[in-house]
Amino acid sequence: MAMKIGILGGGPAGLYFALLMKKADPGHQVRVIERNPPDATFGWGVVFSEETLGALRDADYETYIEITDTFAKWNAIDVRYRDQTIRSRGHAFSGIARKELLRILQQRCRQLGVRLEFEREVADLEPFRDDDLVVAADGVNSLARRLHEPRFEPSLDLHTTKYAWFGADLAVDAFTFIFRDTGHGLFQVHAYPFDAHTSTFIVEAHESTWRRAGLDQMPEEESLRFCEDLFRPELGDHKLLSNRSIWFTFVTLRNRNWHHGKIVLLGDAAHTAHFTIGSGTKLAMEDAISLATAFLRHPAGLEAALTWYELDRQPVVERFQEAARESATYFESVSRYRGFEPIQFAFNLLTRSGRISRLELEKRDPRFVAAVDRRFARTAAGGPGGTAPGATAAGATPGGTAAGAPSAAGSTAPSARAAGGTAAGATAAPLLAPPPLFAPFRLRGLELPNRVVLSPPSEDDAVDGLVGERHEAELAGAVTAGGGLVLTEPVAVSRDGRITPGTPGLYRDDQATAWRQLVEGARAVGAARLGVRLTHAGRRGATRPRRHGVDRPLREGGWPLLAPSALPYLPGGPVPRELTEREMRELREAFAAAAGRAAAAGFDLLALDLAHGYLLGSFLSPLTNRREDGYGGSPDRRVRFPLEVVDAVRSAWPAERPLAVTLQADDCAPGGLGLDHAVTIATALRAHGCDLVEVASGWTIPADRPDYRRFYLVPASDRVRNEAGVATIAGGNLTTADDVSTILAAGRADLCLLDPRLYAGVDQVA
Ligand SMILES: Cc1cc2nc3c(=O)[nH]c(=O)nc-3n(C[C@H](O)[C@H](O)[C@H](O)COP(=O)(O)OP(=O)(O)OC[C@H]3O[C@@H](n4cnc5c(N)ncnc54)[C@H](O)[C@@H]3O)c2cc1C
């Protein structure tokens, strides 16, 4: 059915939709209203990746041919950092001047009979009163969206950096990232060519850096000179070009609804994705394809077509926005990686958004990935740049890494920046190196054969805290599964610290003897090293075995619960008693005694549980610690008791064996612990002799809202590792060896937790 279509905005989204509709049905009356003249544009070039082009080819071959004929093409990404340029190839990008793209789209619109009205500012939707469909393609500040805000329900997130979109009168030969340290802070450039003589040159800096440099006070011309001088080594005799190149703050826009009545949002009016993944124009044009397809599928039903479009596009856009968020966060906090060697810095940058893994990079540029692997192997073997995060602290504690002994980690953390010299014991760089997963890892006197941590699930079948045959079989299976470290299920430090009646314990000597037999049996069959997780369930104790559901209080045979404050875990559930100082002293002793038994049982590593809403984790969170004495209130008071326990355990645990902590990094609940706190706590833990942090999130309160998407714990691991300077274990639905090697090579963790059940068996279909 022929329609009257009014389009507000003649950017890529509006023009492309106009021509696709007119092409699909020449009977449609299609009109585009644009405030600017036809040849005006802000900004410079836009970049497309290979995948986008297939969709453009299928939608309209004529414009596809014209666009691709105009392309500047390149396949390399350069990362200029610390006076070195690292090049990675095989990426296949194409750039086009925005002005040229608009010219091609306008020309095709005219050819097909679309009415284009330029230099007409629209102030309300009156000009579209008689249209059957009104397309709001009017960009990020969309008038149409603002007029119907309660219907579209937009949300706007302002980013913390400032950027200016300059041009440069030289064609760089790669997608070029430049990082320049100044007395004011770090400045970055994202530059890419879009014709034979010109490049887009976006300069970005944290807002505080930008202010310190005085850019907030400088007129446009002066700020351009400032940037030219700053990037003189790269620009040489060339100049930066301005085209209303003023400083902006990027806004990520989302809309809960994309249509209301006959009005529909398209492109930047509906959503934005941070420019560092270069997807704005691609998304805008793909929206146009989807909306045009919606009318082919539902020619007579406006509401059905608009709903189809929304359902088709929203999930895709959300995925891009997620990747863009990761990418933006990376550039906002990139100074965290300043201590990395250039090759690792480049790998970290290329894998920042989670869309490209090590394996994908290897397909694109095997030489680059081989160099990444070689560096990792070299540092893991104790070569230059290989000091583990926290090695300083470990070295400072009794029995820490011996001076000159090879330390192990895949990268240099900021705390260890000075450690890049030739270490004693350095080995010659191998030509071939295994993927990072297979590199050994050393902490204090412990060496793990590889970087994978496995943790068998808990079956709640210990009898009076004693482990039996099932545990023996489980542990033997785990140590032969191929991981470097096996962590036990939670083991209680006292009888009333059990989670369920079936939780194993280390609060009696006979329990230690039983564990010893298991540890010896496991050692005889497998190379993996063994770590014990020590816990006290606190207010989440005395529950039924987990096969009957999580956190269901025991009907009978329960025991009194202890917690920092007398708050039940579940509404109406058993109320724990607030710990007295005497009970806290007893608990410190119980943890220390359990650590001594764990040492006697032969465990290689001890992991203390400061997470999951259990007793020590409950001290950390303001949601569960409401104490009014010296152990509650401010963050440094809330961490006091857990640190006292760490001290007690550290002195009972052999100095040459590493101490780990499972740390609550995020309560995933309003008013709860967040990542900033976690970094502060991890720094304190490191000073108290903790060598390794496993990050965890959620479970502090039952009403939390964790997001269990893939890699969900990796950002927390990254921050703790590279800001607190302590080695980390990252989990979070990591399912493949490639996930692990990518995270390790990028310096986001030192070890990775995999779920062994994901590897068990094979799908036999016949
Ligand atoms: C620094 C930076 C770098 C970027 N780099 C890239 C990149 O490399 N690759 C990429 O794909 N994308 C990039 N983008 C994003 C890209 O520019 C946008 O996502 C894209 O232009 C969106 O297209 P659109 O048609 O939805 O909106 P726009 O291009 O914003 O078009 C909206 C149009 O509506 C008109 N308009 C608005 N209001 C009115 C009104 N009231 N009356 C009349 N006319 C009106 C405007 O004049 C404009 O022409 C970048 C963005 C920035 C800020």
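The structure is a predicted model, in which the mean pLDDT of the protein is 91 and 92% of the residues score at least 70.

**Around G354**
- G354 is placed in the loop that lies between α12 (342-350) and α13 (358-364).
- Although G354 and A324 are 30 residues apart along the chain, their C-alpha atoms are separated by 9.7 Å.

**Nonpolar cores**
- The largest nonpolar core is made of 67 residues, and within it Y16, F17 and V135 have the most contacts; helix α10 (residues 280-297) is the element that gives the most to this core, with nine residues.
- Leaving aside residues up to four places away in sequence, Y16 touches L56, A59, D60, T63, L105, M285, A288 and I289.

**Helix α17**
- Helix α17 (residues 509-525) has 17 residues, which at 1.5 Å a residue should span 24 Å, and the 25 Å between its end C-alpha atoms agrees with that expectation.
- The buried residues in α17 include Q511, A512, A514, W515, L518, V519 and A522; they cover an arc of only 160° around the axis, which means that they lie on the same side of α17.
- The buried residues of α17 pack against α16 (469-479), β21 (485-492), β22 (529-535) and α18 (581-601), whereas the face turned away from the buried side carries the exposed residues D509, Q517 and A524.

**A mixed sheet**
- Six strands form an open sheet with mixed pairing, in the order β8-β2-β1-β9-β17-β16; β8 (115-117) and β16 (259-260) stand at its edges with a single partner strand each, so one side of each has no neighbour in the sheet.
- Strand β2 (residues 29-33) runs parallel to β8 and is joined to it by three bridges, and V32 stands opposite L116 in β8.

**Where to read the model with caution**
- Over residues 390-426 the pLDDT stays under 50, and for this segment the model has 95 contacts beyond four places in sequence.

Notes:
Residues are numbered from 1 along each chain as its sequence is written. This is a predicted model: local features need pLDDT of at least 70, side-chain atom pairs count only at pLDDT 80 or more; totals for chains, interfaces and linings use all residues. Side-chain values use heavy atoms; hydrogens and water are left out. A nonpolar core is a set of buried Ala, Val, Leu, Ile, Met, Phe, Trp, Tyr and Cys residues joined through side-chain atoms within 4.5 Å. Buried means under 20% relative accessible area, exposed over 50%, partly exposed in between (1.4 Å probe, protein chains only). Helices (H or I, at least four residues) and strands (E, at least two) are DSSP runs, numbered from the N terminus. Contact means heavy atoms within 4.5 Å. pLDDT is the predictor's confidence in each residue, from 0 to 100. The expected span of a helix is 1.5 Å times one less than its number of residues. The arc is that of the directions from the helix axis to the C-beta atoms. Two strands pair if DSSP finds at least two bridges between them.
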